[in-house]
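Here is a short briefing on one protein model. Please look over its sequence and fold first.

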Amino acid sequence: VSLSKMADLLGSILSSMEKPPSTGDPESRRRAREHAARMKKMQEEEKRKKVEFRKKMEAEISAFIQDTTEKKKKFEPMNKLERSILHDVVEIAGLTSFSFGEDEENRYVMIFKKEFAPSDEELEAYRKGEEWDPQKAQERKRLKELEQKEAEAAALKGPVKVCPTSNYKDKYSHLIGTVAAKDAAHTLEANRAYGCVPVANKRDTRSIEEAMNEIRAKKRLKHTEEEEDEEEGGGPAFGAF
């Protein structure tokens with residue numbers, strides 16, 4: 001195939017393809033204008049809602065500051081954007097604010113006047129979803145301080161000696177009797193029927209030399225008795241065949 005024929009084939013293929021839509025045609029420009037208008041309207045609506053929400057929060061914060069009986073205020077759950085607006089309003093007003101709640105949809109904001117800023121224990125209770133009770137917290141604090149003082153006093157006294165409050169002999173007298181086993185062992189008497197004798201009677205008080213001399217004497221005695229028996233009996237008897 002010649003180059004000229006290949007070029008003609010390529011040209012025919014390109015000419016048969018549809019041209020891409022032009023971005024400058026009236027329909028495309030109309031759709032672009034409508035999209036831009038919708039985006040602008042949404043942005044203006046979002047901006048209007050932010051302004052209205054901020055004004056609402058500023059009014060509530062102002063009323064909170066003027067109310068001398070209020071120390072803190074809890075708001076309903078808000079989304080992230082609303083919480084950020086509220087935190088900004090609170091900071092400008094010179095107050096303190098915190099967000100609580102684990103789930104995003106349940107997170108809420110609490111604000112406090114500077115002179116009534118929450119303690120670490122109070123914040124920990126809110127983080128756990130618990131209600132803060134100042135009286136119970138004060139009682140827990142008092143008990144904790146008391147335990148600490150008792151521990152310090154015990155450390156100064158040294159190790160504590162534990163003494164039983166009752167005598168074990170009296171407690172278990174129905175089982176072991178009124179005499180302890182150790183004391184009863186010294187009063188053991190020999191039982192002739194079973195050959196049981198006290199340990200003290202079995203103890204050998206002889207020295208090693210005395211024991212060896214007694215053993216040698218017994219051996220000599222036995223040897224002498226055997227010789228006497230042989231002499232009395234004579235030699236072996238021989239009978240006649």
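The model is predicted. Its open sheet has 3 strands in the order 1-3-2, with antiparallel pairing. The largest pocket holds about 390 Å³ of space. Aromatic pairs number 5.

**The sheet**

- The edge strands are strand 1 (72–74) and strand 2 (96–100). Each of these pairs on one side only.
- Strand 3 spans residues 108–112 and pairs with strand 1 in the antiparallel sense. That pairing runs over 3 bridges.
- Lys-74 has Met-110, in strand 3, as its bridge partner.

**The helix across the sheet**

- Helix 3 covers residues 80–93. This helix lies across strand 2 and strand 3.
- Relative to strand 2, helix 3 runs at about 160 degrees.

**An aromatic link between strands**

- One of the 5 aromatic pairs joins Phe-98 and Phe-112.
- The geometry of Phe-98 and Phe-112 is edge-to-face. Their rings are 6.0 Å apart, centre to centre, with 70 degrees between the planes.
- Phe-98 belongs to strand 2 and Phe-112 to strand 3, so the pair ties together parts that are 14 residues apart in sequence.

**The largest pocket**

- The lining of the largest pocket has 14 residues. Closest to the centre are Ser-119, Glu-121, Trp-132, Ala-137 and Gln-138.
- Helix 4 (120–127) and helix 5 (134–157) each supply at least two lining residues.
- Helix 5 gives the largest share of the lining, with 6 residues.
- By class, the lining has 7 charged, 5 nonpolar and 2 polar residues.

Technical notes. Residues are numbered from 1 along each chain as its sequence is written. This is a predicted model: local features need pLDDT of at least 70, side-chain atom pairs count only at pLDDT 80 or more; totals for chains, interfaces and linings use all residues. Side-chain values use heavy atoms; hydrogens and water are left out. On a 1 Å grid over the protein atoms alone, a cavity is a set of points where a 1.4 Å probe fits but cannot get out, and a pocket is an open set with protein on both sides within 12 Å along at least five of seven lines; lining residues have an atom within 4 Å of a point. Grid points are joined across faces, edges and corners, and a volume is the space filled by probe spheres set on the points. Helices (H or I, at least four residues) and strands (E, at least two) are DSSP runs, numbered from the N terminus. Ala, Val, Leu, Ile, Met, Phe, Trp, Tyr, Cys and Pro count as nonpolar, Asp, Glu, Lys and Arg as charged, and the others, Gly among them, as polar. Two strands pair if DSSP finds at least two bridges between them. Contact means heavy atoms within 4.5 Å. Axes are lines fitted to C-alpha atoms, for helices over the stretch in contact, and angles run from 0 to 180 degrees between N-to-C directions. Rings of Phe, Tyr and Trp (its six-membered ring) pair if their centres lie within 6.5 Å; planes under 30 degrees apart count as stacked, over 60 as edge-to-face and the rest as tilted.
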